[in-house]
Amino acid sequence: MIDIELVDYELPLVVVEKATVIPGGFLSVIISGDKNISASKKGFESDNKLVFVATKKESGPQPFFGTGTICEVNDVIDREKGYAQFNVNGIRKALIKDVHINEEYDTVTVHPEDINIIQREEDNDPIVTEALKRELRTIMGEYMQLSEMTDQYKRTLISKWIKIERLSELMESIVANIPIDYKIKQSFLELSSLNPRFEILGSTISNELNIERIKRNIDQRVRQNMDESHKKFVLKEQLKEINKELYGDDGETEDEEFTRRLEELDAPEEVKEKIEKEIKRFKKLSDSSPESNVSRTYINTLLDIPWETETPERNDLDVVQKVLDEEHYGLQKVKERIIDSLAVRNITNSGDVPIICLFGPPGTGKTSIAQSVAKALGKEYVRIALGGVKDEAEIRGHRRTYVGAIPGRIINGIIDAKVKNPLILFDEIDKVGTDYRSDTSAALLEVLDAEQNSHFVDHYVELPFDLSKALFICTANDLSTMSEPLLDRMEIIELNSYTENEKLHIANDHLIPKQLQKNGITDENLVITDDAISSIINEYTMEAGVRSLERNIATICRKAVRKLYNEGVLKSEKLTVSKDNLEEYLGRQKIHKPEFNHVPMVGRVHGLAWTKVGGTVIELEVNEMPGKGDLILTGQMGDVMKESARIALSFVRSIVTDTEDERFNTKTIHLHIPAGSVPKDGPSAGVTMSTAFYSVLTGKKVAGDVAMTGEVTLTGIVLPIGGLKEKLLAANKAGMTKVIVPAANRGDVEELDPEIIGDMKIVYAMTMDDVLKEAII
């Protein structure tokens, strides 16, 4: 270092932006301006000294700091026009006293100052000074470990700092050689006291350490993510090649497949935005993350839903009529009501028409009618069995917060159909359950309401789906178990029991051909005569529909195949099943229908009842014995039927003579309905009970070939009842010649086929007087 006496000097001035030279430091900088370049050359040519000072941002009379550095000029190299590079070493801190403005270059009078710092260091406690030096070397060692300087440069600096004894020189060397902001260097240069200089240096190094630590952590995370991303990229590329070799496909990744399917998807913008957002989230998830599987399943579900895909509907109702006639015998009124509803739907072009609910006993063809409608309209068919469903999540889906969450049955059905306008059959809708957690029938209200189902939201999908294009048909066996709001949204179409003639036609036209095909034989191998079918209907089945009939036909076909089987082929002979040999195929007769006694008797009346398997005739019996005027009821009657019995007895007592009524006070009346193991209920046996009580109290006989049904009031008015078709069928089969029905049911009787009534005489009764006139002899 050039020695500088502590006297005033006049030296050339070089002013540079954003640069400060610390004594003991080196700087190579590009300078501009004619005066700066001339001053640097003058300093280099004369005694190699000049004053280096930084500019200030603040405006004022002097555009540079009042403290600079006396520097030794090592070299000046001309660059492009107006620029030069010069290299200097800092020698002493200098206080600028006067500025001299010259034409070629400016000069300044400066006073070198560093003796005060040395004197203050010597005045400090040596132990404190040594502690500060050690602390400074420690933090600088940590800084050097984190610094991005080259290892050789780090070793050079550390060796240099170890040799420095004075704390002031050590601090200046550190500030001069580490990359810190020039403003910090300028502040350090302007300070004259040792402790403030140490504070600013310590604070700066601590900040730099924190910055380096944060930077290193970020670099590590970025490098780790880059390594992981690179690893995934390599594996995906390898997987592509493996897929090409194995399957010959393009080997696209899952997220690429999702993106491609999204571009091909016909869906509202709201849906596409949701799926795109979910795909971006999926890309960020690790393959090993459980959330990855959840997201994958959710994206697949959204992409599988046919948001806007529809099948064109056939509007030709003649085709629908033809298909229904081909696949279902009879049921003319049912078919008419279905065609009417479809006509309204086609005209309005919306789902605002009431939902069709097919109501009737099991086996009457409710489900198969829905299939036929779907076939006739060219719609996809979706069957949703609701029997036993008691969780509304089965309808609306599970929320995605639950493990194993899936969409509800409706959305799953739509996905399976691959169109948004299928025919959806809610089978056994009357058997949905309810518990303390949820109400399934309430969840169905939104689905079956045209005002709401255009924006049906499944809990899993979380996006509105338009169900208004779908055609809903429901089936039920018992309307009494269904909620009123749900029934209010439906058009009830009742399917009554089949007559024997209808069953015979259904067997010949549909059931026998179906079972022959299923069992691998033809009508060349097996013939079932009409009298055999009639025997099956009456002696082997007791049902409103034809399921048991079909099972018995299937049994006959299997037996026939066994008889014709010969070493893997069928014998070339024809089997005929008639009434005479039916027992060989089905065994002994299973249904023994009671033989009704048509002889007039006191206290025995033929009543008509409705059951789930059709109508039946019951022989209601009333007897009297000594007692105290009480009433005994047996035959497992329900509460409604017991009340009806008491009403009937009260009415009869009100119309008999006083003498006949006095007999009641000394007698016990016993009413019994046979088949005691079968529960019975309902008010429709009111007229039957009244007639039996009247017969016993008056001792008059009741005609044995007369059957009756109807509810009675305390004043003897006969009220209408239901299930009339089934009841009349049972009466006809039982050989009744006369049936008494409520006058209010005249319209129901007139709608029935003549086959059901046969030769029976139908008597319409408004009061019990009308009943007794026809029944009592």
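**Lys 418 counts as exposed, at 58% relative accessibility.** The residue sits in the loop between helix H15 (409-417) and strand S9 (423-427), where its phi is near 65°, a positive value in a residue other than glycine. Most residues other than glycine have a negative phi. This is a predicted model in which local features need pLDDT of at least 70 and side-chain atom pairs count only at pLDDT 80 or more, whereas totals for chains, interfaces and linings use all residues. Residues are numbered from 1 along each chain as its sequence is written, and side-chain values use heavy atoms, with hydrogens and water left out. Throughout these legends, buried means under 20% relative accessible area, exposed over 50%, and partly exposed in between (1.4 Å probe, protein chains only); helices (H or I, at least four residues) and strands (E, at least two) are DSSP runs, numbered from the N terminus.

**Glu 428 also has a positive phi, of about 55°, although it is not a glycine.** This residue is found in the loop between S9 and helix H16 (440-447). With a relative accessible area of 23%, Glu 428 is partly exposed.

**Strand S12 (residues 471-476) is mostly covered, with six of its six residues buried.** S12 runs parallel to strand S7 (residues 355-359), to which four bridges join it, and here Leu 358 stands opposite Thr 475 of S12. Four bridges likewise join S9 to S12, again in a parallel arrangement, with Leu 425 standing opposite Ile 473. Two strands are taken to pair if DSSP finds at least two bridges between them.

**Strand S3 (residues 49-54) is largely enclosed by the rest of the structure, because six of its six residues are buried.** Lys 49, Val 51 and Val 53 point one way from S3, while Leu 50, Phe 52 and Ala 54 point the other way, and all are buried. Strand S1 (residues 9-16) pairs with S3 in the parallel sense over four bridges, and the bridge partner of Leu 13 in S3 is Val 51. S3 also pairs with strand S4 (residues 67-78), in this case in the antiparallel sense and over four bridges; the bridge partner of Lys 49 in S4 is Glu 72.

**Glu 257 and Arg 261 form one of the 28 salt bridges that the structure holds.** A salt bridge is counted where a side-chain nitrogen of Lys or Arg lies within 4 Å of a carboxyl oxygen of Asp or Glu, and in this pair the closest N and O atoms are 3.9 Å apart. Because they are four residues apart in helix H8 (residues 254-264), Glu 257 and Arg 261 are separated by about one helical turn. Glu 257 counts as partly exposed, at 27% relative accessibility, whereas Arg 261 counts as buried, at 18%.

**Lys 375 forms a salt bridge with Glu 327, the closest N and O atoms being 2.8 Å apart.** Lys 375 belongs to helix H13 (residues 366-377) and Glu 327 to helix H11 (residues 317-327), so the pair ties together parts that are 48 residues apart in sequence. Lys 375 is exposed, at 51% relative accessibility, while Glu 327 is partly exposed, with a relative accessible area of 29%.

**Glu 446 forms a salt bridge with Arg 396, with the closest N and O atoms 3.3 Å apart.** Glu 446 lies in helix H16 and Arg 396 in helix H14 (residues 393-396), so that parts 50 residues apart in sequence are tied together by this pair. Both Glu 446 and Arg 396 are buried.

**Glu 269, Glu 270, Glu 273 and Glu 276 gather in a patch of negative charge on the surface.** Patches are made of residues with over 30% relative accessible area and no salt bridge, like charges being joined within 9 Å and nonpolar side chains (Val, Leu, Ile, Met, Phe, Trp, Tyr) within 5 Å. Within this group, Glu 273 lies in helix H9 (residues 269-284), and its relative accessible area of 52% makes it exposed.

Note on methods: Accessible areas come from the Shrake-Rupley method with a 1.4 Å probe; for residues, only the protein chains shown count as cover. Lys and Arg count as positive and Asp and Glu as negative; His and the chain ends are not counted. The place of a charge is taken as NZ of Lys, CZ of Arg, CG of Asp or CD of Glu.
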